Amino acid sequence: AEQAKEKLDALKEELNQYNYEYHVLDRPSVSDYEYDTKMKELKEIEEQFPELITADSPSQRVGGEPLEAFQKVNHVIPMLSLANAFNEQDLRDFDRRVREGVGEEPTYVCELKIDGLAVSLLYENGQFVRGATRGDGTTGEDITNNLKTIRSIPLKLSKEETMEVRGEAFMPHKSFVKLNEAKEENGEEPFANPRNAAAGSLRQLDPKIAASRNLDIFLYSVGLWEAGELESHSERLEYLKELGLKTNPEWRKCSSIEDVIQFVEDWMEKRPQLSYEIDGIVIKVDRLDHQEQLGFTAKSPRWAIAYKFPAEEVITK
Ligand SMILES: Cc1ccc(Cn2cc(C(N)=O)ccc2=O)c(C)c1
């Protein structure tokens, strides 16, 4: 069994790397056939030596039996909602409040606001151990088995960090159209939009159904983090990527509200080119000390705002 363990460890490393290249970088280095052949080899060894199976093995993505119900999860740091901006004046008002609060010109980070389901991923010593929905911000549902089926979620980080990361799980356009075609063929009610389809998929008690829905994820923030000492949101985004997590590549630093308004106008135009749905732009003050100075209202941070695009008629055909 010693050689089997060595062979298995090598295959795990290799397959997790290929999975990362394909689903996170969108830059595979081997053919699907080669990936599939090595996966079969790994499963054969695990079948012979079940005691060698580990939680971060690529064979463990589509987990166990359907659950009876979801366990509750308490978010130690609440997952807050963002205040909304609907026009340029709202953005200028936000900028004025920020400048008055921090007493200097802030740097902003603008990110695409993915129209999916906010989720929390907990890693302990680099291992993915638990995934949860946002719920009401304080209490969510444990959907670990369903989130494990999202191929772009690494089962192991590139460093042995103990941290909670947050992001948006979503259903890409192509998967949404295919799913609704299948539903209509079966005479079932199609989903109204990709957000409902993603939420419906992650609320399935049977992980095999979630696995069939081709969901994806972008991570964009950090919750609990033992050793966290970075100083800005932009550094955190870069660190999430360094850890092997999928981050949205379109974020930009903006040195003034004029830049923010330009970014918002640009993406209003470019939105239809994306392979996933966005419902706006998230604007955050970059420096974490500025964020602390600004603090929170009862339900939202004062250092961030969500610019909402006018609802787009979704072409479901
Ligand atoms: C048979 C088969 C196996 C794998 C895949 C997709 N894919 C490919 C790779 C790869 N090329 O590095 C890695 C992970 C993965 O999920 C498809 C579409 C079909």
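## Strands and how they pair

Two strands count as paired if DSSP finds at least two bridges between them. Strands here (E, at least two residues) and helices (H or I, at least four) are DSSP runs, numbered from the N terminus. With that in hand, look at strand β8, residues 216-225, which pairs with β7 in the antiparallel sense over seven bridges. Within β8, V222 stands opposite V165.

Before going further, note that this is a predicted model, in which local features need pLDDT of at least 70, side-chain atom pairs count only at pLDDT 80 or more, and totals for chains, interfaces and linings use all residues. Residues are numbered from 1 along each chain as its sequence is written, and side-chain values use heavy atoms, with hydrogens and water left out.

Strand β7 spans residues 163-170 and is mostly covered, with eight of its eight residues buried. Buried means under 20% relative accessible area, while exposed means over 50% and partly exposed lies in between (1.4 Å probe, protein chains only).

Strand β4, residues 117-124, also pairs with β7, again in the antiparallel sense and over seven bridges. Here L122 stands opposite E164 of β7.

## Strand β3

Strand β3 covers residues 108-114, and it is largely enclosed by the rest of the structure because seven of its seven residues are buried. Antiparallel to β3 runs β10 (residues 278-285), joined to it by seven bridges. The bridge partner of E111 in β10 is V282.

Strand β9 (residues 252-254) is antiparallel to β3 as well, with three bridges joining them. In that pairing, K253 of β9 stands opposite V109.

## Two cysteines without a bond

How many disulfides are there? A disulfide is a covalent bond between the sulfur atoms of two cysteines. Counting as a disulfide any pair of cysteine sulfur atoms within 2.5 Å, the total is zero.

## N193 in its loop

Where is N193? Look in the loop between α5 (173-185) and α6 (194-202). N193 has a relative accessible area of 15%, so it is buried. A polar atom of its side chain lies 3.2 Å from the backbone nitrogen of R195.

## The ligand and its surroundings

Around the ligand you will find Y18, N19, Y22, H23, V30, S31, D32, Y35 and D36; a residue is near a molecule if one of its heavy atoms lies within 4 Å of it. This shell has four nonpolar, three polar and two charged residues. The classes are these: Ala, Val, Leu, Ile, Met, Phe, Trp, Tyr, Cys and Pro count as nonpolar, Asp, Glu, Lys and Arg as charged, and the others, Gly among them, as polar.

An oxygen atom of the ligand is 2.9 Å from an N or O atom in the side chain of H23. A ligand nitrogen is 2.9 Å from an N or O atom in the side chain of D32, and a ligand nitrogen is 3.0 Å from a polar backbone atom of V30. A polar contact is a pair of N or O atoms within 3.5 Å; within protein, one must be able to donate a hydrogen and the other to accept it, and residues adjacent in sequence count only if both atoms are side-chain atoms.
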